[in-house]
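Look over the sequence and the fold before reading on.

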Amino acid sequence: MTNQNSSLRAQVFMRIRQDILCGRYRSGDELTEAALGAELGVSRTPVREALRQLALEGLVELIPNKGAFVTGISAKDVNDIYMIRSRLEGLCARWAAEYITDEQLEAMEETMYLSQYHTQKEHYEQVFELDGRFHELLYTASHSRILAHELSDFHQYVQMVRKLSIADRIRSRKTNEEHQRILEALRIHDKDLAEKLATQHILNTMENIGHYDIESMLKPQNR
């Protein structure tokens, strides 16, 4: 396979994956090679390969003689992901407290400043993006490529409920406060405190989203 074909397949895979995770396609929706190929301006081959890869990831089910159908993320998946994240982000913050650089601390500080500003203005789309940036900086600072990759994927899987939580005015402000405390622990390289705060941050988010009917939000919509 040429690099060009490999890149095209990756682009098609990421586009369909994002459309599933952001809720454009819901559980039970059929994904046809012809329709996706026409929409994305590609042949059926990269679409077919992308669907196979999505099936391996558990986001799509390939049913012989029927087609490809979205499996998506269930409410239980969301709960499981947050519980796993609470452990892994604690470990991530612990390692980050040891390895974080001055440049990374400055980037996190800038992200916090912008997040606080946009939270006050109730610009929740920007707050959502900045929340993602804060966590990505934390993942990178852990100095573990494997851990950063796993946490980034989990972060993407729950983006629909993350948006819901961040759009909650009270929770978004508490999130900024929790991020600020994590940043302070990182700045003084307190590994125990950073791990404790990062773990509790994810558990607090998990508790907040528990107030919503996640099952209804994720279920198929009438089209």
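## A first look at glutamate 57

Is glutamate 57 buried or partly exposed? With a relative accessible area of 26%, glutamate 57 is partly exposed. Keep in mind that this is a predicted model.

Glutamate 57 has a charged partner. It forms a salt bridge with arginine 17, and the closest N and O atoms lie 2.7 Å apart. This pair links distant parts of the chain: glutamate 57 belongs to helix H3, arginine 17 to helix H1 (residues 3-21), and 40 residues separate them. Arginine 17 has a relative accessibility of 6%, so it counts as buried, the cut-off being under 20%.

## Helix H3

Helix H3 covers residues 44-57 and has 14 residues. From its first C-alpha to its last it reaches 20 Å, close to the 20 Å expected at 1.5 Å a residue.

Which residues of H3 are buried? They are Pro46, Val47, Ala50, Leu51 and Leu54. Viewed down the axis of H3, these buried residues fall within an arc of 140 degrees, so they line one face of the helix. After H3 comes glycine 58, with a positive phi near 90 degrees.

## Salt bridges between helices

How many salt bridges does the structure hold? It holds 15. One of them joins the side chains of arginine 94 and aspartate 192, at 2.7 Å from N to O. Arginine 94 sits in helix H4 (residues 75-99) and aspartate 192 in helix H10 (residues 191-209). The two are 98 residues apart, so the pair links distant parts of the chain. Arginine 94 is partly exposed, at 25% relative accessible area. Aspartate 192 is exposed, at 52%.

Another salt bridge brings together the side chains of lysine 163 and glutamate 125, at 4.0 Å from N to O. Lysine 163 lies in helix H8 (residues 159-166) and glutamate 125 in helix H6 (residues 124-141), so the pair ties together parts 38 residues apart in sequence. Lysine 163 is partly exposed, at 35% relative accessibility. Glutamate 125 is partly exposed too, at 47%.

Some salt bridges share partners. Such bridges join Arg15, Asp19, Arg24 and Glu39 into one network.

Conventions. Residues numbered from 1 in each chain as written. Predicted model: local features only at pLDDT ≥ 70, side-chain atom pairs only at ≥ 80, totals over all residues. Heavy atoms only, no water. Helix = DSSP H or I, 4+ residues; strand = E, 2+ residues; numbered from the N terminus. Expected span 1.5 Å × (residues − 1). Buried < 20%, exposed > 50% of the residue type's maximum accessible area, 1.4 Å probe, protein only. Arc of directions from axis to C-beta.
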